[in-house]
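Open the model in your viewer and keep the selection tool at hand. The tour makes two stops.

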Amino acid sequence: MRTYSSRDRERLAQSALAVRRSAAATHPLLQLQRTAGNRAVTSIVVQRKSATDTAPAKVPGFLALDPVVANYVGKKGGGALKVETHSGPDLKALFLAYVKKHDVDTRSQETFVNGFTDLDTNVIHLNRDKGDAGTIVHEALHLHSDRTWISDQHWKVNEGATELFTRRVCDAAKVGRSDDAYPEVLGALRLLVTFSSVEALAAAYFKNETKQLQSDLEAVRPGLWTDWRITIIKSIKAANALLESLK
Ligand SMILES: [Zn+2]
């Protein structure tokens, strides 16, 4: 049996402390475990973001919180949503079948891992394992968008506008929305509205009343509305450069 002098014991205690300190420094989770207790850590570890994080019944109320959106969806935010949740592979199969039926631009497929809205049945399909609390808000806005607007505009314009209103609603409702959701098309639409207004974009998106948006852009430069829409089909970067050159 080994015996320790008091000096040895002190040295051992110091090194044990040092190990604990370095563990705390390199592992925030361990540090949190020590300071907040095991229960808090457990809840953080099991928390997983998903498109099913927001109860569908809450979404119409959320939509109504943004005055620009409420102007079109009403003070109650429209009727109850029909929502189905699926595994990732099941959702993808459903979406590919929908794409085939509607001849949707296949380049938009990459944006549909979290959910999509079937405009024939008005059912929102969500991935139970992906997305975030704002996904259902985004899909609900698609339901309220004018169908002619959807068919007339390129998917980049439609998705960018949908995400622009999604962020407004999520901000108003304090619903989490990842910065990774549609960042490029969102940026393009945000830049576009600096030449017009969110109100004009809303009239176009919800009612297909594009007059104001078009005339605001025509006032900057004749033909700009058409030029911008042609340019963004080819490249978002080029469409942004076109607008930036007119600032
Ligand atoms: Zn979308």
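At what angle do helix α10 and helix α14 pack, and how far apart are their axes? This is a predicted model, so select residues 183–193 for α10 and residues 236–244 for α14. The two helices pack at an angle of about 20°, and their axes are 10 Å apart. Because angles under 35 degrees count as roughly parallel, α10 is roughly parallel to α14. The crossing in which α10 passes α14 is left-handed.

Next, show the side chains at this contact. On α10, pick E184, V185, A188, L191 and L192; they meet I236, A239, N240 and L243 of α14. By class, the residues of this contact comprise 7 nonpolar, 1 polar and 1 charged.

Select β1 (82–86), β2 (115–118) and β3 (residues 123–127). These 3 strands form an open sheet in the order β1-β3-β2, and the pairing is mixed. At the edges lie β1 and β2, each of which pairs on one side only. On average, neighbouring strands here are turned by 20° against each other, with direction ignored.

Zoom in on β1 and β3, which pair in the parallel sense over 5 bridges.

Definitions and conventions: Residues are numbered from 1 along each chain as its sequence is written. This is a predicted model: local features need pLDDT of at least 70, side-chain atom pairs count only at pLDDT 80 or more; totals for chains, interfaces and linings use all residues. Axes are lines fitted to C-alpha atoms, for helices over the stretch in contact, and angles run from 0 to 180 degrees between N-to-C directions. Helices (H or I, at least four residues) and strands (E, at least two) are DSSP runs, numbered from the N terminus. Angles under 35 degrees count as roughly parallel, over 145 as roughly antiparallel, 65 to 115 as roughly perpendicular and the rest as oblique. A crossing is left-handed if the near helix is turned anticlockwise from the far one by less than a right angle, and right-handed if clockwise. Two residues are in contact if their C-beta atoms, placed from the backbone, lie within 7 Å. Ala, Val, Leu, Ile, Met, Phe, Trp, Tyr, Cys and Pro count as nonpolar, Asp, Glu, Lys and Arg as charged, and the others, Gly among them, as polar. Two strands pair if DSSP finds at least two bridges between them.
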